[in-house]
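Me: I would like to learn how to read a few features of a protein model, one at a time. Could you take me through them, giving the general idea and then the case at hand?

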Amino acid sequence: MGIAYAVLAAVTKEMKGHPDKVPSKVGVRVGELAALDPDALRFCFEAITRDTDLQSMELDIEVCPFRYRCISCGHEFIVRDYETECPHCASLKTECIGGQELDLAYLEVEEYGTSTVGAKSTQ
Ligand SMILES: [Zn+2]
C-alpha cells in the first residue's frame, strides 16, 4: 500500500506542472528486490484512486531484474542466488546497478476533458 501511495504522490507532483491536463497512463519501474507483486500494486492503486481524477489512469509496471556491473571489465550481468562475482572475469569488484528501483518511468497526459480520439498527449 505504501508503494501505491508513493506512486500516487509522484504522479500528483508531476501533474502540478500540467494543471490543464489529466494523466492517462503512468509507467512505473520496480526493482526485483523490492519483492513487489505487480497485481497487488495495481489493486492498491485502483483502490486509492477510485472516485478521483486518476481513477481512469492506467498503471504500467515494469519489473527490473537484480543487476550488477563489474568495475574491472565493465561487464553487466543479472545476479542469481546472490552471486555477485563477475561471470566474465571473476572479479569481485562489482557494483549494484539495478534491482531496487522504484521510479516513475513515464507519465502520459491528455488535455482535461478530451479523453476521446485526437487528445494530445505528451510523454
Ligand atoms: Zn568482469
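Predicted model: local features only at pLDDT ≥ 70, side-chain atom pairs only at ≥ 80, totals over all residues.

Me: What kind of aromatic pair do F66 and Y68 form?

Reply: Rings of Phe, Tyr and Trp (its six-membered ring) pair if their centres lie within 6.5 Å, and planes under 30 degrees apart count as stacked, over 60 as edge-to-face and the rest as tilted. By this rule there are three aromatic pairs. The pair of F66 and Y68 is edge-to-face, at 5.6 Å centre to centre and with 75° between the planes. Both F66 and Y68 are buried (buried means under 20% relative accessible area, exposed over 50%, partly exposed in between, with a 1.4 Å probe and protein chains only).

Me: Which residues coordinate the zinc ion?

Reply: Donors are N, O and S atoms within 2.8 Å of the metal (3.2 Å for Na, K and Ca), and water is not among the atoms, so sites may look incomplete. Here the SG atoms of C70, C73, C86 and C89 coordinate the zinc ion at 2.3 to 2.4 Å, and the spacing of these donor residues in sequence is C-x2-C-x12-C-x2-C. C73 lies in the loop between β3 (67-70) and β4 (76-78) and C89 in the loop between β4 and β5 (94-98), so the pair ties together parts that are 16 residues apart in sequence. Helices (H or I, at least four residues) and strands (E, at least two) are DSSP runs, numbered from the N terminus. C73 is partly exposed, at 36% relative accessible area, and C89 is partly exposed at 37%.

Me: What is the geometry of the site of the zinc ion?

Reply: Four donors count as tetrahedral if all angles lie between 85 and 135 degrees. The site of the zinc ion is tetrahedral, with angles of 105 to 115° among its four donor atoms. For four tetrahedral donors, the ideal angle at a metal is 109.5 degrees.

Me: Where is A90 found?

Reply: A90 is in the loop between β4 and β5, and is partly exposed at 45% relative accessibility. The C-alpha atoms of A90 and S72 are separated by 9.4 Å, with the two residues 18 apart along the chain.

How values were computed. Residues numbered from 1 in each chain as written. Heavy atoms only, no water. Tetrahedral: all angles 85-135°; square planar, octahedral: opposite > 155°, others 65-115°.
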